[in-house]
Amino acid sequence: MLGIALLLSLPVLVVVGFVFVPAGDVWRHLADTVLPDYVTNSLLLMLGVAGGTLVGGVGTAWLVSMCRFPGRGLFEWALLLPMAMPAYIIAYTYTGMLDYAGPLQTTLRDLTGWGYGDYWFPEIRSLPGAAVMLSLVLYPYVYLLSRAAFLSQSLCVLDVSRTLGNGPWRTFFAVALPLARPAIVAGLSLALMETLADYGTVQYFGVSTFTTGIFRTWFGLGNAAAAAQLSALLLGFVFALILLERWSRRDARYHHTSQRESSIRRLSLTGWRAALAFGFCLLPLLFGFLLPATQLGWWSLTVARTSFDAAFLTLALNSLALAAGAALVALLLALVLGYGRRLSPSRRVGAAVRIAGMGYAVPGTVIAVGVLIPFAWIDNSVDTWMRASFGLSTGLLLSGTLVALVFAYLVRFLAVSLQTVESGLGKIRPSMDEAGRSMGLSPGQVLRRIHVPMLRGSLLTALLLVFVDVLKELPATLILRPFNFNTLAVRAYELAADERLADSGPAALSIVAAGLLPVILLSRSITRSRHVQSA
């Protein structure tokens, strides 16, 4: 297990190690010219996304958890749908709708007779535009954890607040919100990590951030050391977010002293209050999923005759095979690590499992750089030795192959599978293991005959979540994919970069459709996890 953990931590260790490698004039040039922009834009983008996700996520979570109004049952699960919409895809979609040649501005000019320069219209391709796009698809992280926190709060605490004369909104700000703070900060940290990891949106909008800078330094300047040092700086931002999330919790502990948390009474909203709550919940769903999904569907219909051909089928098969293979390997590794920790719950094993699962907090761009550098060194070393010894060239054995790409996916998404598997294992009583061992079964046989059948639902969920994450991943795929190997995500990116937005519709819509099932399953599992009684 320790060996697996060290192997999976190799990309991060390589990136951190390159901090001490001199990058020469390139790093000084970056520091004097573009590095301040990378830092400033990244911080401003995080600030904008933090505001958007907090307002959208916490507000909607409180309304659907604690209030009763028309449409609440639908919003409960539908507010998670934007999670199926990758940020770079929603960016392409809104650009097509809001650009000068888009339907909105074209209709405006037709109705008014205005021409170019006669009116002001917000620029979608900007830093505020990128913040809005990311907020629309990342607020579900805050909504998800906030809602779970609100549903788990003790009813007696809320009742005490009401008996002291506090109204529902005063109770929300003075009691419910502080109690839910750890969950809210955790959701916000996840959203901000995804913001730092984003490449497709900021690159398409022309916003200079760390991820775009890493690409330019690697491919434009050809300097691996400088690209790795930029990656290390970005990694520092990510770890700062992790420390901030842990610091926000500190020693705070909240314990229920009542058994009444299963009988939460929702506040009934009527009239304009119900309409306001309905509109507030509808806005993020409308702009985060319904409008862009409709636009993608329309584009797909307009280009269906020319786009759904043999080339598109090849793209789909490449994407599905790659995602399925990576998800299966991640599941097997998660089973090994999770079950190993169950058999030997020592500090060393626990630390190894935590190390193996830390890749989810690392942006795909950083992981790609950390994978490519050591793999390229191994390839060059083997090729040099084979040439000197046998006069043969081995070429690329690791870098530039699917091996490197799948390894990067494992580093990035193993934590998703591992958390799901460990959660499932935690629900199996230790007495089941003891019963199996008393019947003469080895640990491997106990896992195969007892645990795996009982974990069927958790294993399927873990497989599905990693599958969709791999399907949506863009920066790592762009850097590490083999020559002449494309996926749906890469093809959608390439077509959008060429301003062929309608042609990118089928590939983008396929990715969104694949992401819907796990989102719906996730919402249903949360709803079933707690019985809530309306009153």
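Start by selecting Asp99, which is partly exposed, with a relative accessible area of 21%. The model on screen is a predicted one. Asp99 sits in the loop that links helix H6 (87-98) to helix H7 (103-112). Show its side chain together with that of Arg125: the two make a polar contact at 3.2 Å. Ile124 lies 25 residues from Asp99 along the chain, yet their C-alpha atoms are separated by 7.3 Å.

Next, step back into helix H6 and select Thr95. Is this residue buried or exposed? Thr95 has 0% relative accessibility and counts as buried, since the cut-off for buried is under 20%. Keep Ile124 and Arg125 displayed, as Thr95 touches both of them.

Now select residues 181-197, which form helix H11. From first C-alpha to last, the 17 residues of H11 reach 24 Å, close to the 24 Å expected at 1.5 Å a residue. Switch to a surface view and look for H11: 14 of its 17 residues are buried, so the helix is largely enclosed by the rest of the structure.

For another helix, select residues 310-343, which make up H17. Its 34 residues should span 50 Å at 1.5 Å a residue, and the end C-alpha atoms are 49 Å apart, which agrees. Zoom in on the start of H17, where a side-chain oxygen of Asp309 comes to within 3.3 Å of the backbone nitrogen of Ala311.

The next stop is a pair of helices. Two packed helices are described by the angle and the distance between their axes. Select H2 (residues 10-17) and H19 (residues 364-390), whose axes come within 8 Å and cross at roughly 85°. H2 and H19 are therefore roughly perpendicular to each other. Which residues make the contact? On the H2 side, select Leu10, Pro11, Val14 and Val15. On the H19 side, select Val366, Ile367, Gly370, Val371, Ile373 and Pro374. Coloured by type, the residues of this contact divide into nine nonpolar, one polar and no charged.

The last stops concern the backbone. Most residues other than glycine have a negative phi. Select Asn484, in the loop between helix H24 (475-480) and helix H25 (488-497). Its phi is near 60°, a positive value in a residue other than glycine. Asn484 is exposed, with a relative accessible area of 83%.

Finish with Glu499, in the loop between H25 and helix H26 (501-528). Here phi is near 65°, again positive in a residue other than glycine. Is Glu499 buried, partly exposed or exposed? At 43% relative accessibility, Glu499 counts as partly exposed.

Note on methods. Residues numbered from 1 in each chain as written. Predicted model: local features only at pLDDT ≥ 70, side-chain atom pairs only at ≥ 80, totals over all residues. Heavy atoms only, no water. Axes fitted to C-alpha atoms, helices over the stretch in contact; angles between N-to-C directions. Helix = DSSP H or I, 4+ residues; strand = E, 2+ residues; numbered from the N terminus. Parallel < 35°, antiparallel > 145°, perpendicular 65-115°, else oblique. Contact = heavy atoms within 4.5 Å. Nonpolar A, V, L, I, M, F, W, Y, C, P; charged D, E, K, R; others polar. Expected span 1.5 Å × (residues − 1). Polar contact = N/O pair within 3.5 Å; in protein donor to acceptor, adjacent residues only side chain to side chain. Buried < 20%, exposed > 50% of the residue type's maximum accessible area, 1.4 Å probe, protein only. Lists of a residue's contacts leave out its neighbours within four places in sequence.
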